[in-house]
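Hi everyone, thanks for coming.

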Amino acid sequence: MQINADKIREQTDRYICNTYGRFPLVIVEGKGCRLKDADGREYLDFLSGIAVTSLGHANPEIAAAVCRQASTLIHVSNLFYTAPAAELAETLVKNSFAERVFFANSGAEANEAAIKLARKHGNPERNEIITLSGSFHGRTLATMAATGQTRFHQGFDPIPAGFRHAPFGDLDALKKMVNKRTCAIMCEPLQGEGGVRPLAPGYLRGIRELCDHGDLLLILDEIQVGLGRTGRLFAYEHFDIVPDIITLAKALGNGMPIGAMLAGEKVADTFVPGDHASTFGGNPVATAAANRVMSTLLEDGFLARVATLGDYLDKKLTKIRQSFPGVINEVRGMGLIRGMVLSRTAADRGVDIVKQLLDNGLIANFAGNTALRLLPPLTVTRAEIDDAAGIIEKTLAGMF
Ligand SMILES: *Cc1c(COP(=O)(O)O)cnc(C)c1O
């Protein structure tokens, strides 16, 4: 089929709300770690649709699960029981701290559910949630308010009340902010949009202790780093803590839209019929895809392989940092989410670096105006990591 890339760009720019800065590529297909554009050019995809297509593009097992379910039953609403959602909920509960799951369609919606649950648990006296500066929790009004980056708030007054932002990394400051109105602390175990910034283990454990002492809920936003990305099924497993609520989305459906809020013992029975709902939440096709995702993540050795590949990627990037000391200050991350933190001067050219990488055949992005972020699929091979590292090296050598 002939694809008119110019027409697609024109239609998009004319008819879709102007909210995204897009790369000029029209992507037509993918396979595994590779994408192809309308001109037939191939790219190594180290972004995975922002940590979504963790099991690769056009994954045959997921495609089969989606096709099978779509030709059986796409939707009936939550006024009925359906098998795929039931199976997925059981899998998520049995493999986590949680007792119950609420299904939504996106990350922001999963966080909305978490926020409502925490408020219902704490109300009427306690309904404020503290989040961290540099955080990202979504673009709906409440999740935007929860997001600890004021650039996302500008122009949208009045900002919904009930959120305060603590300075990142400062446990004492956080302690001082807790008061009798606080019901929860919400944070990402590793800030993805904030520039691939992991929380120090002692910091997150300190937050857990603070929650225990003040009878607060700990909400972990694992939308970007959950589901195998860090080399464990959930990122909290690295920190030796148990959260009260976690939220998932991105990789859960390998591209089918789905979000989930997992509630632990303290709050599992806080929601009662009528408290919350979603027409599409737990949709049979999205949950059928997610069931296939979960069974792959839980296969013997799968997560161990992610951890090993993560170490390998880290080693490669660290070597590049040593070759470009004035450009890259630090390499950080966990598993297969890694960031190359740019020096001040290099960060000014962060967007150009990403464009140049793209010209050289590698898709990555620039997160939090500080780090080149690499999010390959969890199914990436060593050879593909070698290729990506080669492209990064060549690109930086051409620019600096
Ligand atoms: C992407 C993301 C969200 C928002 O998810 P959407 O599906 O875009 O609504 C929330 N929190 C984190 C940590 C994310 O990475």
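**Salt bridges and a ligand site**

Let's begin with Lys36, which counts as partly exposed because its relative accessibility is 29%. Please keep in mind that this is a predicted model. What does the side chain of Lys36 meet in a salt bridge? The partner is Glu29, at 3.8 Å from N to O. Glu29 is partly exposed too, with 47% relative accessibility.

That pair is one of 17 salt bridges in the structure. Here is another: Arg164 and Glu128, whose closest N and O atoms are 3.2 Å apart. This pair links distant parts of the chain, with Arg164 in strand 6 and Glu128 in strand 5, 36 residues apart. Glu128 is buried at 19% relative accessible area, since the cut-off is under 20%, while Arg164, at 25%, is partly exposed.

Next, Asp314 and Arg338 form a salt bridge at 3.5 Å. Asp314 lies in helix 10 and Arg338 in strand 14, so the pair ties together parts 24 residues apart in sequence. And there is a network as well: Arg208, Asp212, Asp244 and Lys266 are joined by salt bridges that share partners.

Now over to the ligand. Which helix gives the largest share of the shell around it? That is helix 5, residues 107-122, with three residues. The shell divides into three nonpolar, six polar and three charged residues. Lys250 brings a polar side-chain atom to 2.6 Å from a ligand oxygen, and a polar backbone atom of Ala108 is 2.8 Å from an oxygen of the ligand. Of the 380 Å² of accessible area that the ligand has on its own, the protein covers 81%.

Notes
Residues numbered from 1 in each chain as written. Predicted model: local features only at pLDDT ≥ 70, side-chain atom pairs only at ≥ 80, totals over all residues. Heavy atoms only, no water. Polar contact = N/O pair within 3.5 Å; in protein donor to acceptor, adjacent residues only side chain to side chain. Areas by Shrake-Rupley, 256 points an atom, 1.4 Å probe, with all protein chains shown as cover. Helix = DSSP H or I, 4+ residues; strand = E, 2+ residues; numbered from the N terminus. Nonpolar A, V, L, I, M, F, W, Y, C, P; charged D, E, K, R; others polar. Salt bridge = Lys/Arg side-chain N within 4 Å of Asp/Glu carboxyl O. Buried < 20%, exposed > 50% of the residue type's maximum accessible area, 1.4 Å probe, protein only.
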